[in-house]
Amino acid sequence: KPAAAVEGGSGDPMDVDATGSPAAEPQPVHIAEETVAQLKEMGFTRVRIERALVNTENGSLETAVNWLAEHGDDEDVDTPVGVPVLVVPQSEIDAHKAKTNLTQEEKQARLQAAVEAAQRKREEAEKADEKERERRRREDGKQMTKTKAELEELQRKRDLEARRKEKLEDQRHRAFLREQLERDKAERRAAREAKGLPAETPATKATQEPAAPEQPSPALANAAPPRPAEPVAVPVVPISEAITAVADNRDFLLETFVETTEKLADNVLKNPTEPKYRHIRTSNPKIHERLLRPTAGELFLVAVGWRRDGDGLSLPMEVAGNVFADAVRELKRVAAERKVDRDRAEREKLRAEREAALKAKAAERERLRQAMQADRQEVVARGPAETIKAAPLPSNQGVNRLNLEEDPRDQQPGPE
């Protein structure tokens with residue numbers, strides 16, 4: 001606010017006495033009655049009119065309207081000013097200004113111009129804000145696109161790594177099945193030898209086909225009937241051994257196996273007499289992916305009591321569900337321990353690789369330092385190749401001439 005308005009003076013010569021010295025008491029502030037009347041006609045209150053004219057030093061109508069538009073929401077806009085205010089004609093305030101007699105049309109035009117100016121100002125501010133929002137939106141879009149591309153690249157690498165691990169797991173699974181089959185064949189061979197039966201050959205297997213049944217020989221009449229062949233030869237091993245074999249799978253296969261077996265065990269415990277919860281169809285691709293693809297997955301199920309039944313596996317009614325659930329909990333515990341051990345081993349491997357790289361780098365620096373030191377010693381031992389001496393020129397003008405003495409080694413014939 002202007003200092004004259006705050007202190008009670010308007011800066012006008014009428015605020016001083018005849019001697020030219022400031023008045024002892026605050027002098028009233030003079031405002032133009034024409035401006036007051038026009039603002040009243042526009043609908044402004046007397047308090048707001050006085051505050052606007054005092055703060056604009058009795059400015060014009062447009063200046064007062066602009067001030068009211070900017071300060072219309074101030075807390076003290078409806079509080080009377082703290083100085084005396086006198087309404088006098090404009091001619092008494094400023095003798096150099098002609099008396100203003102605005103018509104009603106001019107008043108409306110000025111008010112309309114002030115309103116349009118304020119509106120243009122708001123529109124410009126809104127346009128500036130819209131431009132800033134658009135700029136930020138574009139920057140956010142670029143950043144989002146960049147982040148999306150980085151995430152897609154990271155996901156692609158993860159998928160490649162997962163496919164590589166799946167391929168390795170498939171190879172391990174096939175190797176494990178071959179090993180189990182060879183072990184089962186060896187057990188059957190040992191059992192036949194213990195009973196005095198001849199070893200199985202392709203010819204004897206062909207004669208055992210049901211398409212051409214034959215009467216058993218007298219030597220084999222009292223022998224035990226042969227065990228029917230199972231679709232997949234999976235031996236029955238102790239549960240602890242099966243848990244150890246399953247826990248060797250990678251994390252992503254082991255986690256899905258444990259999660260699926262937990263659901264199976266929970267269903268069996270909640271519905272112990274329901275046959276549908278005790279049978280799984282292994283021909284289902286999802287079931288096969290979750291339960292039979294992991295190495296030793298079927299071995300674990302057979303160890304806890306599941307048996308081959310047509311196109312799937314079934315858990316007999318005499319097998320209690322808590323046996324299956326306890327085995328799954330133990331498998332989950334062992335899997336967690338194996339994961340911690342693998343993570344620790346991976347960290348140790350990375351640390352060892354970093355240390356080896358640092359040692360190799362230090363050794364390379366030491367080798368280069370020794371090579372440079374050897375080069376310097378060789379140069380020092382060889383001595384200078386040429387001796388430079390200064391000789392006066394024949395002109396005797398004080399200018400020296402440089403004579404280069406040849407190095408004896410330069411006289412030796414070089415290789416052609």
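Predicted model: local features only at pLDDT ≥ 70, side-chain atom pairs only at ≥ 80, totals over all residues.
**View A. Helix α8 on helix α12.** Helix α8 (residues 239-246) packs on helix α12 (residues 321-382) at an angle of about 40 degrees, with the axes 10 Å apart. Axes here are lines fitted to C-alpha atoms, for helices over the stretch in contact, and angles run from 0 to 180 degrees between N-to-C directions. Helices are DSSP runs (H or I, at least four residues), numbered from the N terminus. That angle makes α8 oblique to α12; under 35 degrees counts as roughly parallel, over 145 as roughly antiparallel, 65 to 115 as roughly perpendicular, and the rest as oblique. On the α8 side you'll find I239, I243, T244 and V246, which meet A327, E330, L331, V334 and R338 in α12 (contact means heavy atoms within 4.5 Å). Sorted by class, that's six nonpolar, one polar and two charged residues. Ala, Val, Leu, Ile, Met, Phe, Trp, Tyr, Cys and Pro count as nonpolar, Asp, Glu, Lys and Arg as charged, and the others, Gly among them, as polar.

**View B. Helix α2 against helix α3.** Here α2 (residues 33-41) and α3 pack at about 135 degrees, their axes 10 Å apart, and the two are therefore oblique to each other. The crossing of α2 past α3 is right-handed. T35, V36, L39 and K40 of α2 touch R46, I49 and L53 of α3. The class tally for this contact is four nonpolar, one polar and two charged residues.

**View C. Helix α3 over helix α4.** The axes of α3 (residues 46-55) and α4 (residues 61-71) come within 9 Å and cross at roughly 110 degrees, which makes α3 roughly perpendicular to α4. This crossing is right-handed. R48, R51, A52, L53 and N55 make the contact from α3, with A64, W67 and L68 from α4. It splits into five nonpolar, one polar and two charged residues.

**View D. The largest cavity.** The count comes to one cavity of 30 Å³ or more, and the largest cavity has a volume of about 30 Å³. A cavity is a set of points, on a 1 Å grid over the protein atoms alone, where a 1.4 Å probe fits but cannot get out; lining residues have an atom within 4 Å of a point. Points are joined across faces, edges and corners, and a volume is the space filled by probe spheres set on them. M42, L61, E62, V65, R110, L111 and A114 form the lining, with α4 and α6 (104-194) each supplying at least two residues. Five of the lining residues are nonpolar, none polar and two charged.

**View E. The second largest pocket.** About 300 Å³ of space lies in this pocket, a pocket being an open set with protein on both sides within 12 Å along at least five of seven lines. R158, E161, A162, K165, R250, D251, F252, K339, R342, D343, A345 and E346 line the second largest pocket. Two or more residues each come from α6, α9 (251-270) and α12, and α12 gives the largest share, five residues. By class, the lining has three nonpolar, no polar and nine charged residues.

Note on methods:
Residues numbered from 1 in each chain as written. Heavy atoms only, no water. Left-handed = near helix turned anticlockwise from the far one by under 90°.
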